[in-house]
Amino acid sequence: MKTRLAIVCWRAGPSSPHLCATPFFHALAAAAMDVDVEMYFTAESVLLLKQGVAGGLPTGPRQRETVHTFMARAAAEGVRFYACSQALQAYGLARADVIPEVVGIAGAATYVARGLEESWASVVY
């Protein structure tokens, strides 16, 4: 059985906030099952890590919670967030621009390596 989960957020970004809650919801579910969870933010999804962005994004038409609410819950349960180095550069962001929940910067090789390890499963959003 896989005991670790690597989630890539690629399409879930500020231009489509209705897609953003699901990756965090699934990360929370996995963490509740004692799965080690890492989330990698690439392409436009890296903007969710920019300070102030996710807090202004509703997760659905009823707008009861923001994307950042889901992110904070996941981080509180031990889910680790990594910003893609190339995406940060593409969007003109520095480490100082991202939310404190981000634990590191990681490129494509890091995520691919996770997928090659036997104990890891991976999902892309």
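1. In this predicted model, helix H2 is followed by Gly 78, a residue whose phi is positive, near 95°. The helix itself spans residues 67–76.

2. The buried residues of H2 are Val 67, Phe 70, Met 71 and Ala 74. They lie on the same side of the helix, because they cover an arc of only 100° around its axis. The packing partners of these buried residues are helix H1 (21–32) and strand E3 (80–83).

3. Although Glu 101 is buried, it has no salt bridge. The nearest side chain of opposite charge belongs to Arg 95, 8.8 Å away, whereas a salt bridge would require the charged atoms to be within 4 Å.

4. What joins the side chain of Glu 101 to that of His 68 is a polar contact of 3.3 Å. When neighbours within four places in sequence are left aside, the residues in contact with Glu 101 are His 68, Ala 72, Ala 75 and Phe 81.

5. The count of disulfides comes to zero. The sulfur of Cys 9 has its closest cysteine sulfur in Cys 20, at 7.6 Å, and this is too far for a bond, since a disulfide calls for sulfur atoms within 2.5 Å. Cys 20 is likewise in no disulfide, its nearest cysteine sulfur being that of Cys 9.

6. Both cysteines named above can also be described by their accessibility. Cys 9 counts as buried because its relative accessibility is 0%. Cys 20, at 1% relative accessibility, counts as buried too.

Terms used
Residues are numbered from 1 along each chain as its sequence is written. This is a predicted model: local features need pLDDT of at least 70, side-chain atom pairs count only at pLDDT 80 or more; totals for chains, interfaces and linings use all residues. Side-chain values use heavy atoms; hydrogens and water are left out. Buried means under 20% relative accessible area, exposed over 50%, partly exposed in between (1.4 Å probe, protein chains only). Helices (H or I, at least four residues) and strands (E, at least two) are DSSP runs, numbered from the N terminus. The arc is that of the directions from the helix axis to the C-beta atoms. Contact means heavy atoms within 4.5 Å. Lys and Arg count as positive and Asp and Glu as negative; His and the chain ends are not counted. A polar contact is a pair of N or O atoms within 3.5 Å; within protein, one must be able to donate a hydrogen and the other to accept it, and residues adjacent in sequence count only if both atoms are side-chain atoms.
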